[in-house]
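The following report describes the packing of a helix against strands, and then turns to side-chain contacts and rings.

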Amino acid sequence: MKITFECLKATGFRKEWAGDRWVRRQKTFEETVNPFNKNADGSIKSREQVRASVNAKARAWEAEPAEALNEG
């Protein structure tokens, strides 16, 4: 028996200076809605909680300071 869990994705975008030009970076974050994906208190996350978690990870990545590219 094969069980397929729903995968929720969010993509983060940011621009970084690469020495002589701006570059656009993107990163995709994903989690599945499944009985093993739990909150800190041990309760199973709902679809809305998983969506909020994935979006929060993407927004946090966007807010991180960009790494200096082409240095040294």
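On the other side of helix α1, Glu 48 and Ala 63 are exposed, where exposed means over 50% relative accessible area, buried under 20% and partly exposed in between, calculated with a 1.4 Å probe on protein chains only. Helices here are DSSP runs of H or I with at least four residues and strands are runs of E with at least two, both numbered from the N terminus. This is a predicted model, in which local features need pLDDT of at least 70 and side-chain atom pairs count only at pLDDT 80 or more, while totals for chains, interfaces and linings use all residues. Residues are numbered from 1 along each chain as its sequence is written, and side-chain values use heavy atoms, with hydrogens and water left out.

The buried residues of α1 are Val 50, Ser 53, Val 54, Ala 58 and Trp 61. Seen down the helix axis, these buried residues fall within an arc of 130°, so they line one face of α1; the arc is that of the directions from the helix axis to the C-beta atoms. They pack against β1 (6-17) and β2 (22-33), contact meaning heavy atoms within 4.5 Å. The 17 residues of α1 (residues 47-63) should span 24 Å at 1.5 Å a residue, and the end C-alpha atoms are 24 Å apart, which agrees; the expected span is 1.5 Å times one less than the number of residues.

Glu 31, in strand β2, counts as buried at 11% relative accessibility. Leaving aside residues up to four places away in sequence, Glu 31 touches several residues, among them Val 50, Ser 53 and Val 54. The side chain of Glu 31 also makes a polar contact with that of Asn 37, a polar contact being a pair of N or O atoms within 3.5 Å, of which, within protein, one must be able to donate a hydrogen and the other to accept it, with residues adjacent in sequence counting only if both atoms are side-chain atoms. Asn 37 is found in the loop between β2 and α1 and is buried, with a relative accessible area of 14%. A polar atom of the Asn 37 side chain also lies 3.0 Å from the backbone oxygen of Thr 32.

In strand β1, Arg 14 counts as buried at 11% relative accessibility. The charged end of Arg 14 sits over the ring of Trp 61, 4.1 Å from its centre; this requires NZ of Lys or CZ of Arg within 6 Å of the ring centre and within 35 degrees of the ring normal. Arg 25 lies in strand β2 and is partly exposed, with a relative accessible area of 32%. The side chains of Arg 14 and Arg 25 each make a polar contact with the side chain of Glu 16, as listed below.

| Side chain | Partner side chain | Polar contact |
|---|---|---|
| Glu 31 | Asn 37 | 3.0 Å |
| Arg 14 | Glu 16 | 3.0 Å |
| Arg 25 | Glu 16 | 3.3 Å |

A search of the whole structure finds 2 aromatic pairs. In one of them, the rings of Trp 17 and Trp 22 have their centres 5.3 Å apart and their planes at 70°, so the pair is edge-to-face; rings of Phe, Tyr and Trp (its six-membered ring) pair if their centres lie within 6.5 Å, planes under 30 degrees apart counting as stacked, over 60 as edge-to-face and the rest as tilted. Trp 17 is partly exposed, with a relative accessible area of 42%, whereas Trp 22 is exposed at 55%.
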